[in-house]
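Take a look at the model below.

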Amino acid sequence: MMGVLGYASFFLVFVAIYAIIALGLNLQWGSTGLFNVGVAGFVATGAYTSALLTASPTADRVNGFGLPFAAGMVAACAMAGLVGLFAGVLTLRLRRDYLAITTFGVSVLIQTIAQNATALTGGPFGVQFIPRPAQTWLGTGLAWNLAYLAMSAALLALAYCGLERLRDSPWGRVLRVIREDEEAAASIGKRVYLFRLQSFAVGSMLMGLGGALYAHFVGYIAPQDFLPILTFQIWAMLIVGGSGSNAGAILGSAVVWGFWSASGVFLRNWIPPSEQAKAAPLQTAIIGALIVATLLARPRGILGDLGRKHG
Amino acid sequence: MLQLVADGIIIGSIVALGAIGLSLTISIFRFSNFSHGELMAWGAYLALVVNGMIAAATPLEPFSFGWPLVAATLCAVAGAAALAVALDTLVFRRLRRHGSITLVIASFGASLVLRSLLQYWQGGVPKYYTENLQIAINVVPRSVQGGLRLTPDQMLVIGLMPVLVAALHAFLRYSLLGRSMRAAAANPDLARVAGIDPERVYRATWILGGGLAAIAAVFAGITVQLRPTMGHELLLPLFAAVILGGAGSGIASIWGAVLGGLVLGLAESTAVTVLGAEYRPVAAIAVLTIILLWRPNGLFGEKSA
């Protein structure tokens, strides 16, 4: 019983983290039509920012400021938002594909820094001993997992309610107009570029928050936690759940993460250990097929925002 | 100094050939194909497999490889072209009416699937077409600008790139199919009215793009090595080269892509010398940032996006 509860809380914390990131992507893509291929880079920015600010000082790195957990969270959002502003300012006035290419560049850049700037990021070994909040009171067991789950779920609920309110606010309505018909929005005097930039930056901040939550839950981050496959998983979550719908983003996170975990268990149990390293890429291929199949069969996803035109 | 320029031109030749194919598909289909790098990687490995199946032959002096690799490259061209056409038939064609961004997402998905399958099939360890070690030839003595040493293989890559581009230019300029492609790129509706079959143009574009990708990838395999992630690593330089050259500016965009490729190659060889090999990707990001800030329509792009 305790084992099941332990695994369930572990699983659900991940669902909550992914859902927060997927909500950020939904604001960018679902609500505004901005295509981000570098989600992993924004998540990594948040994770590294918070980890480096809160970790205790170490001799071999220039980081470890021992700041409180909350400060790390806020800084993670701010930093990811700044990176989002940078990508947005570069491309949001240009062809739509250029944002995609630039966000891809951002993720490559962040990955390069994480891999190689050893003095700052620990290089391939990553950052270890990232503080886990409140562990002195709750210990390291199930109680802590459940408390972290409660906090993540609360943050997710906060993000969800905030985004739902934004959606129905005048600001959100302008975003939808921009998504459907940019010229119409411009003709009623809305500064399309600024609205897009705001939406992109806020979405990036949510991704940074997700990254920070990940770092403090696992307690250890390394460059290979933020490979393009992460971007891809988040996209799969949004597309399967239905882009444009905040509830869909959360549902998609649960479905795709469940699917991913199950396929991992399947591979571990059914494929001989000698073949497992070789078969790991197949897990990626399965998710890739899932995303393409959803696009082909049900382009709006499970809970897609009806009445929107694609493209 | 000379060596840095020569290294840049070698990398640049590979990027240029890949970027031409990418630029063609962007001109015709009007979406950024994120799976183009995987066409390259698959092309390189197809050549490796075919090369391995043909009985070993003595190398074609002075190059490190024998005639089997030449035959294997032709097979890889056919294979990558077929893969491109298959991707279009299975995925892109069905999504075309949803607009360009849906196609970008699908191509991103397709690239991950193709890369994972390649990793599954070939493993992650770098491979080489030949075990033969080539001795670099002293082209320019050390006393002049630090000297210049090149292997015959590298010289072949540098020499073949302009030949291929000139052939492609002639094809687009003079052949009926090439002219149809230019017409479809300039104005799809008008081309259709003039009786040009769009499906024929689409097929030709994928075949050309895939074929060039395979040749570029074999060049990369000869001069560097084969890795399942090579396509992914080339993707950002390819995009930067295409944007630099002015994506979708008709026949000029193939020369734009060549120039873009060479600039990217030089930027990469400079970054490797100044910052170290591990910071190679920074070059493409820097070029991309500068071009987007300074001339977002590219050096040859005229119309505003």
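At what angle do α3(A) and helix α10 of chain A pack, and how far apart are their axes? The model is predicted, and in it the angle is about 140 degrees. The axes of α3(A) and α10(A) lie 7 Å apart. Angles over 145 degrees would count as roughly antiparallel. α3(A) and α10(A) are therefore oblique to each other. The crossing of α3(A) past α10(A) is right-handed. In the contact of these helices, 16 residues are nonpolar, 9 are polar and 1 is charged. Helix α10 of chain A covers residues 192-218.

Now turn to one residue. L25(A) sits in helix α1 of chain A, which spans residues 2-31. Is L25(A) buried or exposed? L25(A) counts as buried, because it has 27 C-beta neighbours inside 10 Å; the cut-off for buried is 20 or more. Beyond its neighbours within four places in sequence, L25(A) touches N36(A), V39(A), G203(A), I234(A) and L238(A). I188(A) is another matter: 163 residues separate I188(A) from L25(A) in sequence, and their C-alpha atoms are 27 Å apart.

Last comes the contact between chains. Chain A gives 38 residues to the contact, and chain B gives 36. On the side of chain A that touches chain B, α3 (69-91), α4 (96-116), α11 (228-241) and α13 (273-297) each supply at least two residues. Which helix has the largest share of that side? α4(A) does, with 13 residues. By class, the side of chain A that touches chain B holds 24 nonpolar, 10 polar and 4 charged residues.

Terms used
Residues are numbered from 1 along each chain as its sequence is written. Chains are lettered from A and ligands numbered from 1 in the order in which they are written. This is a predicted model: local features need pLDDT of at least 70, side-chain atom pairs count only at pLDDT 80 or more; totals for chains, interfaces and linings use all residues. Two residues are in contact if their C-beta atoms, placed from the backbone, lie within 7 Å. Helices (H or I, at least four residues) and strands (E, at least two) are DSSP runs, numbered from the N terminus. Ala, Val, Leu, Ile, Met, Phe, Trp, Tyr, Cys and Pro count as nonpolar, Asp, Glu, Lys and Arg as charged, and the others, Gly among them, as polar. A residue is buried if 20 or more other C-beta atoms lie within 10 Å of its own, exposed if 12 or fewer, and partly exposed in between; C-beta atoms are placed from the backbone. Axes are lines fitted to C-alpha atoms, for helices over the stretch in contact, and angles run from 0 to 180 degrees between N-to-C directions. Angles under 35 degrees count as roughly parallel, over 145 as roughly antiparallel, 65 to 115 as roughly perpendicular and the rest as oblique. A crossing is left-handed if the near helix is turned anticlockwise from the far one by less than a right angle, and right-handed if clockwise.
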